[in-house]
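Look at the structure below before reading on.

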Amino acid sequence: MIFLFIIVPLVMASLLPLVGKISKRFLPDLLANATMLFLLVYAVVSARPLVAGGGVVQQAFWFGAPLNIRLLLDGFSLFMLFTISLVSFTVTLYSIDYMEHYGAKADYYALLLLMIAGMNGLVLASDLFNIYIFLEVAAIASYALVAFGRGHDELEASFKYLMLSAVASAFILLSIAIIFALTGGVSFGTVAHGLETLNVRFVVGFCSALFLMGFGLKAALVPFHSWLPDAHPSAPAPISAMLSGVLIKVSGVYAMMRVFLNVFGLTPALTTILSILGIASIFVGALAALGQNDIKRMLAYSSISQIGYVVLGFAIGTPLGILGGLFHLFNHALFKSLLFLNAGAIERSTGTRSLDKMGGLAKVMPVTAGTSAVGSLSIAGVPPLNGFWSKLLIIIALVQAKMVALAVLAVLGSVVTLWYYLVLQHQAFFGKLNESWKAVKEAPFWMSASTILLALLCIAVGLAFPVVIHSWLQPAADILGKGVGVAMSFIGF
Amino acid sequence: MLHLSLLIGLVAFSILAVLIRDLLKSAISLAVASVFLAVLFFEMNAVYAGVFEVSVVAGLITVLFITAIALTRGDGDVVESRRHLAVFPLFFLALAVIDILVMKRLLGRIPAMVNPESGTFADVLWNQRTFDLVGQIGAIFAGVLAVLALFRRGEKDAGHESPRGDAPLAGGQPPAGDAALMGRQPHTGDAALMGRQPQGGSHE
């Protein structure tokens, strides 16, 4: 039952604060990790066969009685569920050790589970207003998680994030209200059908602009990115990994692409605007990352840059472009989570995020250094790691679509990415070990286990990319490639 | 004419809420703006929206704001940028021009609604929008948990400090401890959340 993807984390989130009264650490750790593992296994084993025929709209039941809840599960939503579950599982593993010193572990896991319930609800939603509601669930939980450390920087970053996110929500809500006034409904099918029968291109263009600003803010696309370099570094490392790894993709990229490709239909104007925003994000993010001394801030700017690649892939609109965008989305979820978790391990061991003060840490933190090297080379697009293949697909798709200038710019962006990740590796891990760090030890077991798992996944996906494409990415790309036909086929459900 | 007066009142008190520096007066201006909006809702037959606007936004939220302000001590030495006083009217004028030029034309192009999703309030809320209710439960729950988590007592205050375990701190570095890990000054505690200057841990 697809509803379990939402109800299980929601119920566990309500139980965890109570469990926290009995056991401060062991039971919250166990229950949170068990829930994430269940969601991951459930996505792979039970949900995957359901999308074999293209997708299903499933009604939810409560103790045998049918509820008026219809969830849409197709290749695209399953791919997102799998990505969310995978990253969430590694993040909760890492949190076992990392969150020890923050206190209130049960509350932390409860908020994390609520954020996951919100994201799962968003990707399973079959109407625009459901998307908005679950976007808010994930967002509210994420504001609290960014401020979880309760320091001045965390609170300031969370407040800034909250304010800009509220602006994004207002744009999205206004657009949904206009769409409702136009079509008399908010379900994907009703909206797609209504817009096709009405000649309201001007109004649809206006609504698209509102969605672009709203979801663009959530995805931190340039020029809507100013909140991200504050919010993501300020959060605890596992939350930075969740925000950069999945939240910006679910509440920004997924929602935007679902609406633009499957409900409104991709127009040449949208393609042009998204391509420009994608390329601008690649360069603004990469050049800003180059000048950073704070390791987490560098990674945050890098997220803006890599989201640019994802959006650029989708913007091309060709099957290969969409496939490349999806593949880079998945890969970025893996390597950016890995890099943020590594940054957290360094900060935990040394007490600093400043690259200037690091140096030679590979001698005392070999696991963190090794996994960080894998993550950096992957994100820079070095073969045969996973990032190489996804960037290659996007660049080939650009050339095929006769967007050669954009292809050249995308390659240049990748070179800049390689540059600043080499700087990061050099300053943090290589060279002479700073005297101050002689007593530093490697990250504890669960933190290392989590980063090793992600690094192995980066390598495995790079080596076995045809299998990943065939089993997870192609069904998702097919759904996006079908355009508004997908929403139309669900009319009446 | 009544609608126009209500809209002008709504916009005027909203602007006051943004520009007034006194938090209490600002909160009251927001409540008055909300009352104007509620009357507009009533005028436009959106009775339930009007009731919620008056009771929740103008009532409950204003009470929460005023309670929070009452718990906050004034800080005379906080210097705020006054740039927004110059920038705000420019943005407001630009948006007003866009509103007049674009929105009227835009809304004029919206055809009469075809087969709107309709029903009684209860029917829409409980039967048609059940999934939204699940989301609302999640959103409210997230808010409650956020308050619990952000206003928690520190582990030290609760008398069960976590063992340092294997969190080695390099020689020569200042003791990172929980405070450094969390990027905060020791003893800031809840004071930072309430906008107060840290006064040590006594209030905890």
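## Nonpolar cores

The largest nonpolar core has 216 residues, and A:Leu111, A:Leu114 and A:Ala144 have the most contacts inside it. Helix α10 of chain A (residues 237-264) supplies the largest share of this core, 19 residues. Another core lies apart from it, with 9 residues, including B:Ala31 and B:Phe36. A nonpolar core is a set of buried Ala, Val, Leu, Ile, Met, Phe, Trp, Tyr and Cys residues joined through C-beta atoms within 7 Å. Buried means that 20 or more other C-beta atoms lie within 10 Å of the residue's own, with C-beta atoms placed from the backbone. Helices are DSSP runs of H or I with at least four residues, and strands are runs of E with at least two.

The model is predicted: local features need pLDDT of at least 70, side-chain atom pairs count only at pLDDT 80 or more, and totals for chains, interfaces and linings use all residues. Residues are numbered from 1 along each chain as its sequence is written, and chains are lettered from A and ligands numbered from 1 in the order in which they are written.

## A helix pair in chain A

The axes (lines fitted to C-alpha atoms, for helices over the stretch in contact) of α12 and α15 of chain A come within 10 Å and cross at roughly 40 degrees.

## Chain B

Chain B has 8 helices and 0 strands. Of its 204 residues, 17% count as buried.

Definitions and conventions
Buried ≥ 20, exposed ≤ 12 C-beta atoms within 10 Å, placed from the backbone. Axes fitted to C-alpha atoms, helices over the stretch in contact; angles between N-to-C directions.
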